[in-house]
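User: I would like to go through this model with you, one topic at a time. Please keep the answers plain.

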Amino acid sequence: MNLSSIKHAASCSYAYTLLALLSAPYLLRAEGAVDNPSPVTGGSGILRNPINANNIQDLLGLIMNVITILVLPFAIFFLVRTGFFFATAGGNEDKISRAKTDFLYVVIGLAIILGAQLIGAILQNTLNSLR
């Protein structure tokens, strides 16, 4: 790399940064036009809650649901991978013990995730019944 290509890269990055900073208010809809209501404010100027949670219980329930949805495909993948390790062990004790250990870890992970979901549901129902 020579000096002219470094200068060119620096000037391009400066120009793109300046363009991004100047267009940010337009992209973020900072003009606040009343005739074109924003989906966030609904035209009233008051911010609406974008999360479908009215209290901390609902928010924690939503977070737990997202975590469960994200973790379950990984757990299924590792469960299938463990079955593949069992199938290809071929009587090798080291591979079988590794597959058993992996299976134990997958089951423990699933138990933790589903147990946390269950405990959260129990707590939420208990708190709702106390109202």
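User: How many helices and strands does the protein chain have?

Analyst: The protein chain has three helices and zero strands. Helices (H or I, at least four residues) and strands (E, at least two) are DSSP runs, numbered from the N terminus. Along the sequence the pattern reads α-α-α. This is a predicted model, in which local features need pLDDT of at least 70, side-chain atom pairs count only at pLDDT 80 or more, and totals for chains, interfaces and linings use all residues. Residues are numbered from 1 along each chain as its sequence is written, and side-chain values use heavy atoms, with hydrogens and water left out.

User: What share of the 131 residues is buried?

Analyst: Buried residues make up 10% of the 131 residues in the protein chain. Buried means under 20% relative accessible area, exposed over 50%, and partly exposed in between (1.4 Å probe, protein chains only).

User: And what does the accessible surface come to?

Analyst: The accessible surface of the protein chain comes to about 10600 Å², and 71% of that belongs to carbon and sulfur atoms. Accessible areas come from the Shrake-Rupley method with a 1.4 Å probe; for residues, only the protein chains shown count as cover.

User: Turning to H2, what span should its 32 residues have?

Analyst: At 1.5 Å a residue, H2 should span 46 Å, and its end C-alpha atoms are 46 Å apart, which agrees. The expected span of a helix is 1.5 Å times one less than its number of residues.

User: Where in H2 does the kink lie?

Analyst: The kink lies at Val 71, shortly before the proline Pro 73, and is about 25 degrees. The bend at a residue is the angle between axes fitted to the seven residues ending there and the seven starting there.

User: Which residues of H2 are buried, then?

Analyst: Gln 57, Met 64, Thr 68, Ala 75 and Thr 82 are buried in H2. H3 is included in what covers them.

User: Which residues does Met 64 touch?

Analyst: Leaving aside residues up to four places away in sequence, Met 64 touches Ile 113, Ala 116 and Gln 117. Contact means heavy atoms within 4.5 Å. Met 64 has a relative accessible area of 19%, so it counts as buried. Met 64 and Ile 113 are 49 residues apart in sequence, yet 8.9 Å apart in space, C-alpha to C-alpha.

User: How far apart are Asn 65 and Gln 117?

Analyst: Asn 65 and Gln 117 are 52 residues apart in sequence and 7.9 Å apart in space, C-alpha to C-alpha. Asn 65, in helix H2, is partly exposed at 36% relative accessible area.

User: Now H3. Which of its residues are buried, and against what do they pack?

Analyst: Ile 96, Ala 99, Asp 102, Val 106 and Ile 113 are buried in H3. The buried residues of H3 pack against H2. As for length, the 38 residues of H3 should span 56 Å at 1.5 Å a residue, and the end C-alpha atoms are 55 Å apart, which agrees.

User: Is Leu 123 buried or exposed?

Analyst: Leu 123, in helix H3, counts as exposed because its relative accessibility is 52%. Leu 123 and Gln 57 are 66 residues apart in sequence and 9.0 Å apart in space, C-alpha to C-alpha.

User: Change of topic: how many salt bridges does the structure hold?

Analyst: The structure holds two salt bridges. A salt bridge is a side-chain nitrogen of Lys or Arg within 4 Å of a carboxyl oxygen of Asp or Glu. Arg 81 forms a salt bridge with Asp 102, with the closest N and O atoms 3.8 Å apart. This pair links distant parts of the chain: Arg 81 is in helix H2 (residues 56-87) and Asp 102 in helix H3 (residues 93-130), 21 residues apart. Arg 81 is partly exposed, with a relative accessible area of 26%, whereas Asp 102 counts as buried at 13% relative accessibility.

User: And what does Arg 98 form with Asp 102?

Analyst: Arg 98 forms a salt bridge with Asp 102, and the closest N and O atoms are 3.4 Å apart. Salt bridges that share partners join Arg 81, Arg 98 and Asp 102 into one network.

User: Why are Arg 98 and Asp 102 separated by about one helical turn?

Analyst: They are separated by about one helical turn because Arg 98 and Asp 102 are four residues apart in helix H3. An α-helix has 3.6 residues a turn, so residues three or four places apart point the same way.
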